[in-house]
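Please consult the sequence and the structure shown below while reading.

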Amino acid sequence: MPIRLLCADDEDDIRTILRLALSLDPELEVHLVSSGAEALARAQSATFDAIVLDGMMPGLDGYETCRRLKADPATAQVPVVFLTAKAQ
């Protein structure tokens, strides 16, 4: 059974890199979304083994998205990893 991974990043280029890099592992089933709101909606409609969030998305950033995921009993136990392209 594949590992289901949800990735949220607002940058098209980063989502492309994620898709290319993660598709190299046949054990991963990767779902990409472009916002925190989309990540919350997708996490409520499907089951994922882990979630990758960009910390600095406009609107609902990764940190608030994570807080909401952890506050929901249906997604509270799903591991969350943060991704950032910030250079500092």
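## Overall dimensions

The radius of gyration is taken here over C-alpha atoms, and the globule rule used for comparison is 2.2 Å times the number of residues to the power 0.38. The model is predicted. For a chain of 88 residues the rule gives a radius of gyration near 12 Å for a compact globule; the chain has 12 Å, so the two agree. The C-alpha trace spans about 35 × 30 × 20 Å along its principal axes.

Of the 88 residues in the chain, 35% are buried. The chain exposes about 5,400 Å², of which carbon and sulfur atoms supply 56%.

## Order of the elements

Three helices and four strands make up the secondary structure of the chain. Read from the N terminus, they follow the order β-α-β-α-β-α-β. When contacts between residues at least 6 apart in sequence are considered, 63% of them join residues at least 24 apart.

How many residues of strand S3 are buried? Five of the five residues in S3 (residues 50–54) are buried, and the strand is therefore largely enclosed by the rest of the structure. In a regular strand, side chains alternate between the two faces of the sheet. In S3, Ala-50, Val-52 and Asp-54 lie on one side, while Ile-51 and Leu-53 lie on the other; all of these are buried, and both faces of the strand are covered.

S3 is paired with two strands, S1 and S4. Strand S1 (residues 3–8) runs parallel to S3 and is joined to S3 by four bridges; within this pairing, Cys-7 stands opposite Val-52. Strand S4 (residues 80–83) is also parallel to S3 and is likewise joined to S3 by four bridges. Here Asp-54 of S3 stands opposite Leu-83 of S4.

## Loop positions

Pro-26 is placed in the loop between helix H1 (12–22) and strand S2 (28–33). With a relative accessibility of 73%, Pro-26 counts as exposed, because the cut-off for that class is over 50%. Pro-26 and Ile-3 are 23 residues apart along the chain, and their C-alpha atoms are separated by 9.3 Å.

Ser-34 occupies the loop between S2 and helix H2 (36–45). Its relative accessible area of 29% makes Ser-34 partly exposed. Apart from neighbours within four places in sequence, Ser-34 is in contact with Asp-9, Asp-10, Arg-15 and Met-57. Is Thr-75, by contrast, buried or exposed? Thr-75 lies in the loop between helix H3 (62–71) and S4, and at 6% relative accessibility Thr-75 counts as buried, because the cut-off for that class is under 20%. Setting aside neighbours within four places in sequence, Thr-75 is in contact with Ala-43 and Leu-69.

Notes:
Residues are numbered from 1 along each chain as its sequence is written. This is a predicted model: local features need pLDDT of at least 70, side-chain atom pairs count only at pLDDT 80 or more; totals for chains, interfaces and linings use all residues. Side-chain values use heavy atoms; hydrogens and water are left out. Buried means under 20% relative accessible area, exposed over 50%, partly exposed in between (1.4 Å probe, protein chains only). Contact means heavy atoms within 4.5 Å. Accessible areas come from the Shrake-Rupley method with a 1.4 Å probe; for residues, only the protein chains shown count as cover. Two strands pair if DSSP finds at least two bridges between them.
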